[in-house]
Amino acid sequence: MRSAFRTVLAALLAAFVAGGYARAEDAGQSCDVPAYLLTSESSLPKVAEAVKKAQPLTILVVGSRSSTIASADASAYPARLQAALKERLPSTPITLSVELQSAKTAEEAASTLVKLVEAKRPTLVIWQTGTVDAMRSVDPDDFRGAVDEGVVALQTAGTDVILVNLQYSPRTETMTSAPPYLDNMRVVAQQHEVPLFDRFAIMRHWNDAGDFDLFSTAHGSDLAKRVHDCLGRALSKFVIDTAHLDAAQQN
Amino acid sequence: MTSIADPIAGTPGDTKPALAGHDAVKVASSAPAIVFPAIGERELRLDLFRGLALWLIFIDHLPPNILTWFTIRNYGFSDATEIFIFISGYTAAFVYGRAMLQAGFVVATARILRRVWQIYVAHVFLFTIFLAEISYVATSFENPLYSEEMGIMDFLKQPDVTIVQALLLRFRPVNMDVLPLYIVLMLFLPIILWLMKWRADVTLALSALLYAVTWHFDLYLTAYPNGVWFFNPLAWQLLFVFGAWCAMGGAARMSRLLSSPLTMWICLAYLFASFCVTMTWYVPQLGRLMPRIIEQWMYPIDKTDLDVLRFAHFLALAAITVRFLPRDWPGLKSPWLRPLILCGQHSLEIFCLGVFLAFAGHFVLAEVSGGAAMHLLVSVSGILIMWGMAWVISWYKHSADKGASKTKSIPGNADLAGGGA
């Protein structure tokens, strides 16, 4: 048994050293997102149409507090998304507004969606949800019902919808159980053919790839700003790909 | 079923093949329905797979790393929890069922309640450790990226309510759901065993009925501050009772069914289908190959209420295991499997240690460093610690406590067949 132990220890040490070398090589700061995380079978017909006809593109972001950075709104992902879209679609006027619903569950947010849409008449609603529900451990079935209801309401109101799921938050992983909420959002997205921006998987990919250390205890908002910048850019790519805007622009 | 295609110990009455349900009842009533192996004869496969379940649960509780790819939840619907609860039901029925036959209902109940108390104390101990960790994190961690997620710590502002709710098993942090489930299941074990002694098959049928009723009427236990018990005992009891039923001779009566090639092919086909479905979760490109209609029928696969798909997956897995891993497989004695078996033999202690190590692992990753290599190191050292601890515990049992000769001779001691969590 002792020799077995030694073998295991040696193997472990080797793995540890090898891992260290591998990490040292890809130390450069980047935040690439693998293509499969930005691919969706669903589409954004309203957005595509607006861009094609050179009409203004109005985007409404509905989300909880993880859709902003305290005291640095302009660096949060919605603002970064707008900037990135403007860069990619110079001929389309883009307005973007954010409706923060902090500490609201999907059910509470869903009931306000219709009014918001009537007031702002957006082409596209980006609905970020799930975090509050996961923290309050709302019954996952009820959560799915609420997201379902919200998506249907938005679709009947005539807007395109993108769902944005939870942040990957390794520090609170022992306290909140994200998987049921992630799964249910995926189910609703599939059922209604709505694209889902998988923020959770993307952030986890960055963490695993070493782009960001999301375990970091860093005070100050530098990390938050960098992550949101990357999220905004990834989301802009997602919007453009899902609406097939590259093709639309060329026409 | 992880253990049991063949009779654990033959009794004359039970060797009759019985296939159909009513035949089984006949056998049950005409011959001793409850079959126990000779004292001291351990079912090493139970220990092996429970040890494996404990390791897998530990790994699944850590942030994902390379080892996570070795856990069975990535390759099918069910995961280590199913194995753990089934084997717990099996061993608990095995140990306390014997006590009930030999010493009567009252004594067996008393012993079960003592075990329940031990598990409860273990749970409260883990909660204390959790509280210590959380309090520390809450005061030291202030990352604006996660200001929303940190709201989860708000419960610390009302310790008066939170701690009382934790003692009532209604407030359970993530990863601390299994022991409360186990406490509730064990609490009902006396009744389950008493019914089993009367009619094992009827008991199993009642259990299935409760499961169906739970699904139909959406029954659940509420939790604090809101939500429901993550593992709904009303649904998960099915697996526990099924384990008990197998221990009480059900497995032996199923041996014909289990050895039929048809069963094997059905199981293999189901396992393969489930494997394909799981692959679409990890390789999203494959998702397109899956028919929409199946997706809509199948999802979500509910862990809280032990989805039928999960239960069936466990059954298939167990049937295949039992078929290809005979109880006298020489490998069970190999030193390579010794660490797993040792851990499985002291399951309550090792389970608690695993939960603690998962907390500690998160803590190390957060406070020291979080790279992939560190993740692997934390996982592997956790497993080595579990093994070491299991070794120490068995050393205590066999050497340090030898003077207290009584401990060994009490039949129905929870650890004899690992009646523990």
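Visitor: Hi! How are the residues and chains labelled here?
Guide: Residues count from 1 along each chain as its sequence is written, and chains are lettered from A in the order in which they are written. The model is predicted, so to speak of local features we need pLDDT of at least 70, side-chain atom pairs count only at pLDDT 80 or more, totals for chains, interfaces and linings use all residues, and side-chain values use heavy atoms, with hydrogens and water left out.

Visitor: What does chain B average in pLDDT?
Guide: Chain B averages 82, where pLDDT is the predictor's confidence in each residue, from 0 to 100. In chain B, 85% of the residues score at least 70.

Visitor: And where does pLDDT stay under 50 in chain B?
Guide: One such stretch is residues 1–34 of chain B, with 73 contacts beyond four places in sequence; a contact means heavy atoms within 4.5 Å. Residues 406–421 of chain B are also below 50, and that stretch has 49 contacts beyond near neighbours in sequence. Where pLDDT is low, the predicted coordinates should not be read in detail.

Visitor: Okay, new topic. How many disulfides are there over all chains?
Guide: There is 1, counting pairs of cysteine sulfur atoms within 2.5 Å. A:Cys31 and A:Cys230 form it, with their sulfur atoms 2.1 Å apart.

Visitor: Which parts does that pair tie together?
Guide: A:Cys31 sits in the loop between α1 (2–25) and α2 (45–52) of chain A, and A:Cys230 in helix α9 (residues 222–242) of chain A, so the pair ties together parts that are 199 residues apart in sequence. Helices here are DSSP runs (H or I, at least four residues), and strands are too (E, at least two), numbered from the N terminus.

Visitor: Are A:Cys31 and A:Cys230 buried or exposed?
Guide: Both A:Cys31 and A:Cys230 are buried. Buried means under 20% relative accessible area, exposed over 50%, and partly exposed in between (1.4 Å probe, protein chains only).

Visitor: Last one: how much space lies in the largest cavity?
Guide: About 70 Å³. On a 1 Å grid over the protein atoms alone, a cavity is a set of points where a 1.4 Å probe fits but cannot get out, and lining residues have an atom within 4 Å of a point. The lining includes A:Trp127, A:Lys104 and A:Gly130.

Note on methods
1 Å grid on protein atoms, 1.4 Å probe; cavity = no way out; pocket = protein on both sides within 12 Å on 5 of 7 lines; lining within 4 Å. Points joined across faces, edges and corners; volume = space filled by probe spheres on them.
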